[in-house]
Structures are given as C-alpha cells and as structure tokens.
Amino acid sequence: MTITIGFIGLGNMGGPMAANLAKAGFDVTATDLSIGAVDRAVEAGCKRGETVAAAVKDADVVVSMLPAGAHVKSVYTDDYGVIANARPGALFIDSSTIDVESARAVSAAAVGKGFAMVDAPVSGGVAAATGGTLTFMVGGEAASFERARPVLEAMGKNIFHAGAAGNGQVAKIANNMLLGVTMIATCEAFNLAEKLGLDAQTFFDISSTASGQSWSMTSYCPAPGPVPAAPSNRDYQPGFAAGMMLKDMRLAQEAAHQAKAATPLGAQAEALYALMEAAGRDDLDFSGIMKLIKGAL
Ligand code: NAD
C-alpha cells in the first residue's frame, strides 16, 4: 500500500527532498507558508496542502524541513499544528537543524500523545538534497528509526542511528563544530606557510600526507589551487555558506553551555564566523574565513 506523507517546509532543502519522495512513489501532500514553493512542489509531483493541518491529517508519515527550533515547536505543538491534527500513531521525521533542547521537547510532546518521532538532521547541501544523496543523523527509538528508514532512503544515501531523541542534532552540531574549527586551523596553517615562503601546493603535498591532514584540507582546501573543486577556486562562492556554519556553531555553543562541556575552540570559531557576518560576508563559503585570516575580507 502506498505510504502517504505530509511534507512541511519546501525551501532550498525541503523542496527537492519532497520532490524526491514523490519521484520514489510516495503519496506526498506538501505545504509551506510560501505559495510559490507549494506550486513548485505540485509541479514536481506532490499534492497541494493548503495548511499544515490539511497536509498531515491523512499522512502515515510527516516530514518537516524548517529553519529553526521556534518554527519546529510551533508547527508541531500549536493548535493548528502536526500533533493536534495528525492521524493516530503517525510517524514524524523532523530534518531541520535545530537546538537539541527543542528537538527533545517536541519529540517528548509527540511521543506523549502516542506518536512516533525522530530528529533526522542532514549533512549535505542543496546539491545533495536534489541528488537524493543526503546523510541523515537520526535520534529516536530504534523502532521509529526502522519505520523512518524507507522514507529517508528515498532522500539520502547514508543513514545513521545516533541513539535517543535529540542525538541526531547532537551528532550534527558536534560534527559541524569540528569542521568549523579545522577549517580555521587549516586557513591559519596555509597562511603561515605562505608568509614564510612555502607555496600552497607544496605545503598541501606535504601536510595532506602528514599529521596535519583533515577533510578541510584534502576535500575542501581553503587555499586556491590544490583541490580544484573547492570553493577557494571560485572566490569562495558557496558551497556551504559561512552564515549557515555560524548558525550551527551557535547551536553547538548553546548546547555546550547547557551540558557544561568546555569548548574553547568552538567558542573562538563561533566568534570568528560572527566577524564574517558583521562584515556582511557571511554569504561567502565558510572556507572564505581565509579572507578574514589574511585581513582581506
Ligand atoms: P529555507 O529557509 O530555504 O526553507 C525553510 C522553509 O520553511 C521556507 O520555505 C519557509 O517558508 C518554510 N516555513 C517556515 N515556517 C513555516 C511554517 N510555519 N509552516 C510552513 N512552512 C514554513 O531553509 P533551508 O535552506 O531549506 O534549510 C532548512 C533546514 O535545513 C534548516 O534548519 C537548515 O539549517 C538545514 N540545512 C540546510 C542546508 C543548506 O545547505 N541549505 C544544509 C544542511 C541543513
């Protein structure tokens, strides 16, 4: 029997994700505050959902892809929202990147009313959403994860169960904090080498096979030249915008304060990406932090 899906949030990521679900044969009813976004989803094979309540009322599975925790809380817990209007026993999948506390609170509210819920934030940008190659990091009960799997497989390539509710968000922000920090350290190292007379390619050849190696260097080198596909070769056009990295760094710091986890480098990295925002250049790729390090932003 065809699985019916209510999809909420048809932006840069949610639009192509909903389209991939329709393409895979799911019966998708899609909704967004933007009529234009719903029109595009209908063109891609979804049914029109006039409201959240209408989109979820017959759904076996609800998928949401919203900007931040406040949107997720309101879409799920308000009177017009998902919990008040979904079919008994439905499964909810929230793929938005949000704070751990909101993810756990919304999940508890849903589970308390007899629904199943997983947080399933993604790694990979619009290209991965379009190509159906996202990575999903999933938090929630094992049985809910198994129910979510076929839906996630239609939108992604790698699907990980990270543990209990909220742990998908934990995996996402801990990973992105690490990425943000290694990117800045990589920029500093390339800049230092260059200032001391060592060219980027030679330093790359040495360091990428030595102990300073990281994904930030080998797949996304912030110095132009060594990795041709990296944004550094197109004047730091994203890719993954510094503003979005800053959002994730802020979520990591918020969670670190709550958990009393010491993250001094994460805090410093957040402050540096905030300087890109203050300079009005958070539209650049996050590896464009090289420009800040060089004093050339
Ligand atoms: P976006 O702003 O393009 O889309 C969000 C959509 O949600 C918008 O279309 C908006 O109208 C809709 N929306 C907001 N409130 C709503 C409501 N009450 N009811 C219905 N629709 C509502 O954002 P995006 O780039 O698609 O990102 C979505 C999430 O994915 C964010 O949490 C982001 O951090 C995360 N993410 C984005 C990327 C990326 O590269 N864009 C990568 C990984 C993760």
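This is a predicted model: local features need pLDDT of at least 70, side-chain atom pairs count only at pLDDT 80 or more; totals for chains, interfaces and linings use all residues.
Q: Which residues of the shell are closest to the ligand?
A: The shell has 22 residues, and the closest are Asn12, Met13, Asp32, Thr97 and Lys247. As for helices, α4 (69-77) and α12 (242-259) each supply at least two shell residues.

Q: How do the shell residues divide into nonpolar, polar and charged?
A: There are 10 nonpolar, 9 polar and 3 charged ones.

Q: What about Leu33 and Thr97?
A: For Leu33, a backbone N or O atom lies 3.4 Å from a nitrogen atom of the ligand. For Thr97, a polar backbone atom is 3.0 Å from an oxygen atom of the ligand. With the limit at 3.5 Å, both therefore count as polar contacts. Overall, the protein buries 83% of the 830 Å² that the ligand exposes when taken alone.

Q: How do you know how much domain 1 and domain 2 bury between them?
A: The size of an interface is often given as the accessible area lost when the parts come together. Here the two domains bury about 800 Å² between them, with 63% of it on carbon and sulfur atoms. Thr97, Val100 and Met137 supply 49% of the area domain 1 buries against domain 2, more than any other three residues. The C-alpha centres of the two domains lie 30 Å apart, and the contact takes 13 residues from domain 1 and 10 residues from domain 2.

Q: What makes the loop between α11 (215-218) and α12 worth a look?
A: Most residues other than glycine have a negative phi, and most peptide bonds are trans. Asp235, found in this loop, has a positive phi near 50°. Gly239 lies in the loop too, and a cis peptide bond joins Pro238 to Gly239, with omega about 10°.

Key. Residues are numbered from 1 along each chain as its sequence is written. Side-chain values use heavy atoms; hydrogens and water are left out. A residue is near a molecule or strand if one of its heavy atoms lies within 4 Å of it. A polar contact is a pair of N or O atoms within 3.5 Å; within protein, one must be able to donate a hydrogen and the other to accept it, and residues adjacent in sequence count only if both atoms are side-chain atoms. Accessible areas come from the Shrake-Rupley method with a 1.4 Å probe; for residues, only the protein chains shown count as cover. Helices (H or I, at least four residues) and strands (E, at least two) are DSSP runs, numbered from the N terminus. Ala, Val, Leu, Ile, Met, Phe, Trp, Tyr, Cys and Pro count as nonpolar, Asp, Glu, Lys and Arg as charged, and the others, Gly among them, as polar. Domain bounds come from an automatic or database domain assignment. Contact means heavy atoms within 4.5 Å. Buried area is the accessible area (1.4 Å probe) that two parts lose on being put together, summed over both.
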